[in-house]
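Hi everyone, thanks for making the time. I'd like to walk you through one structure this morning, starting with a single residue and then stepping back to the whole chain.

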Amino acid sequence: ALGREVAALRQQIDKIGSQKRQILSELKALEEEIGSFILGASEAKARRDELTKEVKAQKEARTSTQAKMKEVIASFHSREAGDRKRPASPESIEAQIQRLEEAIETEALPFEKEQGLTKRIKMLKAQKLEAKQAFEELQKEREKGAELARLKRENWEVHAKVQTTAEKSQLEHKTLIDFLQKVDELKEKKRSKQAILDQSNREIRALISQLKE
């Protein structure tokens, strides 16, 4: 009878021992899986953080471009509409001056007429200087127009980049959350398996104690 009882106890110990080995194997697999998902979460976080930095830098670049655009637009608006009329070209005024100077040099003109032409030449020279300045202003306006077009294009490109990078960052954030949720699920599973393992250990200790008795 005692021999049968000992055999029965050993059979129970072997059975629980076999279950324990199975649980240990499952716990090892869970550990590896948790490690893999933690690594995945860490990599996703690094990618997300890098993309977030990119978004910040791109937004700063966009703000800078928009500020430059405002400056260019303000410089357009600061000029009177009347100032934008196309002035006479300095070349056409110079041609008039040369014709009048030639007339003075080659024609026998009365003193009063010559005096009048000299006065006219002086006035045309002043106009030529004004025309030169006006043409320079007009050239600046054209350059501003080209600069504004370039800045608008740059602003649109940076804005598109911000949107694309922000979307990528959000996807990486979602990946990170998914990984962390999976880690939590696996850790809960591990706790459950560990509780079964602890119970098996208690049962084995109790059976060994009985066996010794």
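Let's start at F179, which is partly exposed because its relative accessibility is 22%.

Before I go on, a word on the ground rules. This is a predicted model, so local features need pLDDT of at least 70 and side-chain atom pairs count only at pLDDT 80 or more, while totals for chains, interfaces and linings use all residues. Residues are numbered from 1 along each chain as its sequence is written, and side-chain values use heavy atoms, with hydrogens and water left out.

Back to F179, then. Which ring does F179 pair with? Its partner is F37: the ring centres lie 5.7 Å apart and the planes meet at 55°, so we call the pair tilted. The rule takes rings of Phe, Tyr and Trp (its six-membered ring) with centres within 6.5 Å; planes under 30 degrees apart are stacked, over 60 edge-to-face, and the rest tilted. The structure holds one such aromatic pair. F37 sits in helix α1 (residues 2–77) and F179 in helix α3 (residues 111–212), so to speak linking distant parts of the chain, 142 residues apart.

Now some other places on these helices. I177, also in helix α3, is partly exposed at 33% relative accessible area. I177 and A44 are 133 residues apart in sequence, yet their C-alpha atoms are 9.2 Å apart in space.

Q58 belongs to helix α1 and is buried, at 15% relative accessibility. What does Q58 touch? Setting aside residues up to four places away in sequence, Q58 touches V158, K161, V162 and T165, where contact means heavy atoms within 4.5 Å.

S200 lies in helix α3 and is buried too, with a relative accessibility of 5%. Leaving out neighbours within four places in sequence, S200 is in contact with I16 and I23.

And helix α2 (residues 90–106) gives us Q98, partly exposed at 45% relative accessibility. Q98 and I121 are 23 residues apart in sequence, and 8.8 Å apart from C-alpha to C-alpha.

Let's zoom out. The protein chain has three helices and zero strands, running α-α-α from the N terminus. Helices (H or I, at least four residues) and strands (E, at least two) are DSSP runs, numbered from the N terminus.

How does the radius of gyration of the protein chain set beside that of a compact globule? The chain has 45 Å, whereas a compact globule of 213 residues would be near 17 Å; the radius is taken over C-alpha atoms, and the globule rule is 2.2 Å times the number of residues to the power 0.38. Along the principal axes, the C-alpha atoms fill a box of roughly 160 × 25 × 20 Å.

Of the 213 residues, 24% are buried. Among contacts with a separation of 6 or more, 90% are between residues 24 or more positions apart.

Last, the surface: the chain exposes about 15600 Å², with carbon and sulfur atoms supplying 53% of it, by the Shrake-Rupley method with a 1.4 Å probe. Thanks, and I'm happy to take questions.

Definitions and conventions:
Buried means under 20% relative accessible area, exposed over 50%, partly exposed in between (1.4 Å probe, protein chains only).
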